[in-house]
Amino acid sequence: HPRNPHCRTMHFNYRYFETEGGQWWFGGGTDITPVYVDNDDMKQFHGTYKRVCDNHDTDYYPRFKKWADEYYKIQHRGE
C-alpha cells in the first residue's frame, strides 16, 4: 500500500488454465483501490477495460463490470 494516499493501488491477477483434454482459458481480474476517488482515473481505468472487452464482444464489459461490482462490494460498509 502506498504511503501517499493520493496514489492509487492497482492489483491484477491473471492465470492460464489448461486441461488434459485440450481446453484452455484465461482467468483472473483487476481492481483499482483509491483512497481518494479521482473521477478521471476511474474513467481511464474503466474505459480501457471497456475498449478491450468491446474488441471481443460488446456484451462483455457490462456483464463483467456487474459481476466485479457484486464480487468486490463490502456489504458491512455499504461500499
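**View 1. Threonine 30 and tyrosine 49 meet through their side chains.** In this predicted model, a polar contact of 3.1 Å joins the two side chains; that term stands for a pair of N or O atoms within 3.5 Å, where, within protein, one must be able to donate a hydrogen and the other to accept it, and residues adjacent in sequence count only if both atoms are side-chain atoms. Threonine 30 has another polar contact, of 2.3 Å, with the side chain of tyrosine 14.

View 2. You'll find threonine 30 in strand 2, residues 24-33 (strands are DSSP runs of E, at least two residues, and helices are runs of H or I, at least four, numbered from the N terminus). Threonine 30 counts as buried because its relative accessibility is 17% (buried is under 20% relative accessible area, exposed over 50%, partly exposed in between, with a 1.4 Å probe and protein chains only).

**View 3. Methionine 10 sits in strand 1, residues 9-18.** With a relative accessible area of 43%, methionine 10 is partly exposed.

**Notes.** Residues are numbered from 1 along each chain as its sequence is written. Local features need pLDDT of at least 70 and side-chain atom pairs 80 or more, while totals for chains, interfaces and linings use all residues, and side-chain values use heavy atoms, leaving out hydrogens and water.
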